[in-house]
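Work through the exercises below with the structure open beside the text. Try each task before reading its solution.

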Amino acid sequence: MCVESDGCEIEGCSSSDEVHTLSGSMSPGLKSSPDLHPCKPGQKFRAALLRCRSPVAAAGILSFGNVLNYMDRYTVAGVLLDIQQHFQVKDSEAGLLQTVFICSFMVAAPIFGYLGDRFNRKIILSCGIFFWSAVTLSSSFITKEYYWLFVLSRGLVGIGESSYSSISPTIIGDLFTNNTRTMMLSIFYFAIPLGSGLGYILGSSAKQAAGDWHWALRVSPVMGMTAGSLILFFVPEPKRGHADQLGGRLKARTPWICDMKALAKNRSYMFTSLASAAVSFATGAFGMWIPLYLYRAQVVQNTVMPCNKEPCSSKDSAFPSPSLIFGVITCVTGFLGVLIGAGATRLCRQKTERADPLVCAVSMLGSAIFICLIFVAAKKSIVGAYFCIFIGETLLFLNWAITADILMYVVIPTRRATAVALQSFVSHILGDAGSPYLIGLISEALQKSYADSVLWQFLSLGYALMLCPFVIVLGGMFFLATAVFFLDDRDKAEKQLNQLTRSPSSVKVTN
């Protein structure tokens with residue numbers, strides 16, 4: 001038997017049960033009292049909702065929200081050619097869409113990280129989803145004279161999505177531990193390539209179905225509102241360190257300045273953040289430009305006619321839209337990458353305790369090889385290019401969930417949201433904040449000599465994208481550096497956590 005805050009008796013609970021209120025608080029089961037009264041119908045419905053708040057259901061809902069986050073982000077890339085035709089903008093101006101989005105995303109991330117370590121996390125998540133959903137829907141009605149307003153709307157969407165990416169992994173980290181946490185984080189981060197791929201598919205399919213690319217921006221907001229509501233009702237607000245059975249024993253909270261200093265001195269954390277920046281650089285540039293690059297490859301091979309007005313269609317091509325195929329490949333490789341990454345890490349942990357960063361390093365270096373081959377194959381064979389993309393992306397996606405797990409090992413629970421947010425800031429400011437615009441700028445600069453040449457438009461974008469494999473190799477080096485310091489930093493985090501579980505008067509946390 002459980003008791004809600006209004007003194008109502010909830011049927012079907014034992015005396016040892018706990019009740020999660022809608023605000024995320026928890027109250028222990030209470031013994032029967034003469035003051036208790038039977039639940040009213042509305043209260044029974046509320047109690048039924050509370051009983052659905054299992055950790056697995058919460059992780060599923062958070063993963064669904066992450067799918068929508070990335071689906072909305074890459075829907076624009078799926079209809080980029082139509083956007084260029086509609087607003088009459090060049091490669092560098094089109095690249096601004098993703099750059100402005102990422103810049104606002106990374107600036108907001110530390111703010112949400114600070115809030116996520118101190119206030120109700122699921123309320124912040126829900127508000128963020130409602131906000132970006134409303135802005136995305138509104139942006140679909142912007143006319144061709146106001147491209148600057150369309151760019152600004154992507155910046156506002158970035159703020160809303162930043163709240164989700166900064167905070168949601170920490171809730172999963174507080175609901176699970178050890179291999180179970182690795183598995184749940186793998187599912188959560190599988191949502192990144194799945195959502196990205198679905199973004200391309202949604203953009204291409206909605207445009208073809210409606211005959212207007214604007215409808216691509218009107219689907220994800222509806223699902224976003226649904227996800228926000230599910231989080232409010234079904235996701236609990238666990239105490240920090242709850243999964244490690246420390247939720248009730250964390251007696252001290254370190255100041256924000258102390259958190260930042262500690263993270264800056266955490267070598268594994270900093271090298272992992274730099275490696276994440278390399279991944280973000282490549283995925284940001286590829287996500288924005290590869291579909292357009294493959295379209296130009298088809299034009300060069302005379303399998304599709306150049307597009308001079310919207311909507312741009314691939315009906316006359318032997319292949320479906322590059323955005324559609326790239327989206328499907330991204331979904332499949334994301335699933336395989338996360339699955340192989342989790343399995344490889346679990347297997348390698350039996351051989352070495354440094355398995356996490358080593359698996360990431362090997363996958364990054366292997367990915368760089370196949371990404372280089374994309375630009376060789378695309379000149380003569382679209383199928384060959386798709387094959388190289390498949391292998392390269394699979395290896396690249398291996399490290400997403402593992403990187404998050406490394407953070408959970410080397411950072412104490414009370415500063416994890418701050419750590420996730422700071423890592424997001426670093427990876428974006430050094431990665432995909434500038435890579436889409438930089439690639440577009442290089443491509444446009446190379447095109448000036450032969451502006452009207454279809455072949456040179458294809459080659460110039462390929463030469464610009466060749467920067468990505470070199471950055472990926474650099475990221476692999478950073479993961480190798482992480483492996484050197486990983487065990488020491490993990491032991492330091494465990495010692496700091498033990499200090500925080502003592503009484504406040506005896507705590508002295510080292511940085």
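**Exercise 1.** How many aromatic pairs does a search of the whole structure find?

*Solution.* Start with the ground rules. This is a predicted model, in which local features need pLDDT of at least 70 and side-chain atom pairs count only at pLDDT 80 or more, while totals for chains, interfaces and linings use all residues. Residues are numbered from 1 along each chain as its sequence is written, and side-chain values use heavy atoms, with hydrogens and water left out.

Next, apply the rule for a pair: rings of Phe, Tyr and Trp (its six-membered ring) pair if their centres lie within 6.5 Å. The search of the whole structure gives 13 aromatic pairs. One aromatic cluster consists of Phe87, Tyr147, Phe150 and Trp213.

**Exercise 2.** Find the rings that have the charged end of an arginine over them.

*Solution.* The test is that NZ of Lys or CZ of Arg is within 6 Å of the ring centre and within 35 degrees of the ring normal. Arg73 has its charged end over the ring of Phe105, 4.9 Å from the centre. For Arg218, the ring is that of Trp215, and the distance to the ring centre is 4.6 Å.

**Exercise 3.** Describe the chain as a whole.

*Solution.* First, list the secondary structure, taking helices (H or I, at least four residues) and strands (E, at least two) as DSSP runs numbered from the N terminus. The chain has 18 helices and five strands.

Second, sort residues by relative accessible area: buried is under 20%, exposed is over 50%, and partly exposed is in between (1.4 Å probe, protein chains only). Of the 511 residues in the chain, 58% are buried.

Third, take contacts (heavy atoms within 4.5 Å). Of those between residues at least 6 apart in sequence, 83% join residues at least 24 apart.

**Exercise 4.** Which helix supplies the largest share of the nonpolar patch?

*Solution.* Patch residues have over 30% relative accessible area and no salt bridge; nonpolar side chains (Val, Leu, Ile, Met, Phe, Trp, Tyr) are joined within 5 Å, like charges within 9 Å. The members of this surface patch are Phe131, Tyr146, Trp148, Leu149, Leu152, Leu156 and Ile159. Helix α6 (residues 147–175) gives five residues, the largest share. Trp148 is in helix α6, and it counts as exposed because its relative accessibility is 54%.

How values were computed:
Areas by Shrake-Rupley, 256 points an atom, 1.4 Å probe, with all protein chains shown as cover. Salt bridge = Lys/Arg side-chain N within 4 Å of Asp/Glu carboxyl O. Phe/Tyr/Trp six-rings, centres within 6.5 Å; stacked < 30°, edge-to-face > 60°.
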